[in-house]
Amino acid sequence: MEKLIITAALTGAEVTREQQPNLPLTPDEIANEAYECYQAGAAMVHVHARDGEGKPTQSYDVYKEIKEKIEAKCNVIFQPSTGGAVWHSPEERLQPVELKPEMATLSCGTCNFGPDVFMNTEEYMKKFARRMKELGVKPELEIFERGMIENAMKLVKRGLVERPLHFDFVLGVPGACPATPEDLLHMVRSIPSDSTWTVAGIGRYELPLAVMAIILGGHVRVGFEDNVYYNKGQLAESNAQLVARIVRIAKEMGRDIATPDEAREILGLKK
Ligand code: KMH
Ligand code: ZN
């Protein structure tokens with residue numbers, strides 16, 4: 001089986017210090033956390049930037065600072081968010097793509113997102129995909145609902161996204177697709193067979209879906225963006241602690257861990 005790519009989703013746009021006191025917010029904190037996760041076995045970091053007050057920002061300059069700080073420490077794959085926060089405009093969201101990262105997220109449809117709506121019209125999706133293609137940035141196709149796979153395939157048909165595709169199934173967001181084993185299996189069976197995929201289970205679903213991905217040959221995303229706990233009622237100490245648990249479980253199950261360069265090979269990234 002392919003080596004396991006572990007992505008650490010370090011900060012997110014919704015989580016607060018009140019919910020997770022060790023949430024990395026500043027560029028230095030995010031870069032240090034990225035380095036710790038890399039040392040623990042993560043090949044990729046999914047990054048959301050925050051401003052000086054700790055609020056989500058899609059500022060080019062802040063993402064640039066984070067990218068440079070991470071690159072000064074290690075060769076982990078830097079994957080900025082183009083999802084941002086639900087209230088960011090599409091223009092704001094697209095800014096980190098101008099840094100020409102190896103990869104960036106591309107959300108493939110609109111869904112409820114807790115009390116909010118996460119808006120991704122066909123027009124936004126085309127615009128994001130086109131710019132990523134122009135700049136040679138591989139999209140990680142974010143799938144929050146089954147129908148979003150069809151939206152992604154439409155982008156492929158239009159020549160805006162090229163195969164082989166890489167999907168991230170984000171399951172368990174309140175208001176979107178639940179995180180049952182059946183839901184994950186249905187998603188996996190619905191994508192082209194030459195695709196790679198990872199799963200991000202939200203909250204208590206993070207660990208069971210990660211274990212399923214290890215078994216099924218998929219890849220795993222963990223981190224404070226998706227889940228702040230280690231166990232029920234026990235906060236995780238760091239993102240790296242969540243990564244280290246996946247490394248241990250995967251090794252016990254005979255699945256080796258991909259280094260960043262091995263992950264680049266698996267995902268077909270151009271460094
Ligand atoms: N914060 C969510 C509204 C992404 O990073 O691409 C969107 C999100 C997806 O986190
Ligand atoms: Zn994100």
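Across the whole structure, 22 salt bridges were found, a salt bridge being a side-chain nitrogen of Lys or Arg within 4 Å of a carboxyl oxygen of Asp or Glu. The model is predicted: local features need pLDDT of at least 70, side-chain atom pairs count only at pLDDT 80 or more, and totals for chains, interfaces and linings use all residues. Residues are numbered from 1 along each chain as its sequence is written, chains are lettered from A and ligands numbered from 1 in the order in which they are written, and side-chain values use heavy atoms, with hydrogens and water left out.

One salt bridge lies within a helix. K69 and E65 meet through their side chains at 3.0 Å, N to O. Both belong to helix α2 (residues 60–73). Helices (H or I, at least four residues) and strands (E, at least two) are DSSP runs, numbered from the N terminus. Because K69 and E65 are 4 residues apart in this helix, about one helical turn separates them. K69 is partly exposed, at a relative accessible area of 27%. E65 is also partly exposed, at 37%. Here buried means under 20% relative accessible area, exposed over 50%, and partly exposed in between (1.4 Å probe, protein chains only).

E102 pairs with R264, with the closest N and O atoms 2.6 Å apart. E102 sits in the loop between α3 (90–94) and β6 (103–107), whereas R264 is in helix α9 (residues 260–267); the two are 162 residues apart. Both E102 and R264 are buried.

R221 forms a salt bridge with D168, and their closest N and O atoms are 3.4 Å apart. This pair connects strand β12 (residues 219–222), which holds R221, to strand β10 (residues 166–171), which holds D168. The partners are 53 residues apart. R221 has 3% relative accessibility and therefore counts as buried. D168, at 0%, likewise counts as buried. The pair is part of a network of salt bridges that links E142, D168, R221, E225 and D226.

L216 lies in helix α7 (residues 206–216). With a relative accessible area of 38%, L216 is partly exposed.
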